[in-house]
Amino acid sequence: MTTITQAPAEAAPARPGLAGRYGRRLNEIGLLAAIVLLYIVLGASASGFLSLDNQLGVLRNAATIGIAAWGVTLVIVSGDIDISIGPAVAFASVLVAKGAAEWNLGVMGAIALTLVLGFGWGALAGWLRARFNVPSFIATLGLWSVLGGLALYMTDALPVPLPQSAVFDVLGGSVLGIPTSALVMLVLFGVFAYLARYTAYGRSVYAIGGNAAAARLAGLNVTRVRVLLFATTGLLAAITGVLLAARLGSGNGGAAAGLEFDVIAAVVIGGTALAGGRGSLLGTFLGVVFISVIANGLVLLGVNPFFQDVVRGFIIVAAVLVNVLINRRTAENRLT
């Protein structure tokens, strides 16, 4: 009599969870859902929120955060950080106003000087980081203090009016009904998204953020990449400063106070890891929209200006916490 034994059936592969199926996109999907929810709630509760003029205003305010955020995203992906954005934008607005109104450089000369100096002070911070291994937080903290102090010293904390110019009218106005600053933000988003995803430079930034020593051994010029990264954020801050001055009609040393916190919050909410090596421009874009919509909604709801910072702070910390939990869950699914 033969005994037939059945081999145990192979265990069916476990069905991956939501985090496993959508992986790194889960944070972006969650942000998109949060933005849709914000539009539904604010559309029903805040008078005028969905009007065309208000939406264009949201887009214009988003540009002030977004243009600098594209560069800061790559800096954080590389494992560093840049906290000098706010004073850099204010100093750039003062430079372009002084150059055009008092130094007789002409409008285009003042804009060119501002952009060149923006690239220069960013490159200086990058050189300190790359050449002497000064922590990027300290290098840009020094820049934060120097640029903020210079902007106030040069103006005695008073606005410097811009001269009448068609160039400033266009930069501070709109093209085909869309704010010029928003158009600049969207064009630069396309450029930086392409650089990050499809170029050797973008891949080297992610490699340095993942493991700088290994990237150096693999032949990457880590010093050059780091200098270029910070020079780029300086240039983007200068562009934001020029657009802000054109919009306000003056350069102001006290402008853009606290902008660096909104920029970094947008980047982190968008899923970029502060430890480096991971992040996306699309996530940052959604983070910029999220923060801009919240700010606009709080104003329309008539929330006390001081309490607005409290509400924004809680919402941003909660969003970052959700981001961290999603990333942790995704990493666990990747290991199992």
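Good morning. I begin with helix H11, residues 222-248: at 1.5 Å a residue, its 27 residues should span 39 Å, and the C-alpha atoms at its ends are 39 Å apart, which agrees. The expected span here is 1.5 Å times one less than the number of residues. Helices are DSSP runs of H or I with at least four residues, numbered from the N terminus.

A word on the source: this is a predicted model, in which local features need pLDDT of at least 70 and side-chain atom pairs count only at pLDDT 80 or more, while totals for chains, interfaces and linings use all residues. Residues are numbered from 1 along each chain as its sequence is written, and side-chain values use heavy atoms, with hydrogens and water left out.

How enclosed is H11 by the rest of the structure? Of its 27 residues, 20 are buried, so H11 is largely enclosed; buried means under 20% relative accessible area, with a 1.4 Å probe and protein chains only. Just after H11, Gly249 takes a positive phi of about 80°.

I turn to helix H5, residues 106-132. H5 has 27 residues and reaches 38 Å from its first C-alpha to its last, close to the 39 Å expected. Its buried residues include Val107, Ile111, Thr114, Trp121 and Arg129. The buried residues of H5 pack against helix H4 (85-101), helix H6 (136-155), helix H7 (166-172) and H11. Just after H5, Asn133 takes a positive phi of about 60°.

Leaving out residues up to four places away in sequence, Thr114 touches Ala92, Leu95, Val96, Ala238 and Val242, where contact means heavy atoms within 4.5 Å.

Next, the cavity. A search of the whole structure finds one cavity of 30 Å³ or more, and about 70 Å³ of space lies in the largest cavity. A cavity is a set of points on a 1 Å grid over the protein atoms alone where a 1.4 Å probe fits but cannot get out, and lining residues have an atom within 4 Å of a point. Among the lining residues are Arg60, Ser181, Thr240 and Arg247. Helix H3 (52-77) and H11 each supply at least two residues of this lining.

Finally, Phe168 is in contact with Val96, Ala100, Val107, Ile111, Leu162, Pro163 and Ala246, apart from its neighbours within four places in sequence. Thank you.

Definitions and conventions: Buried means under 20% relative accessible area, exposed over 50%, partly exposed in between (1.4 Å probe, protein chains only). On a 1 Å grid over the protein atoms alone, a cavity is a set of points where a 1.4 Å probe fits but cannot get out, and a pocket is an open set with protein on both sides within 12 Å along at least five of seven lines; lining residues have an atom within 4 Å of a point. Grid points are joined across faces, edges and corners, and a volume is the space filled by probe spheres set on the points.
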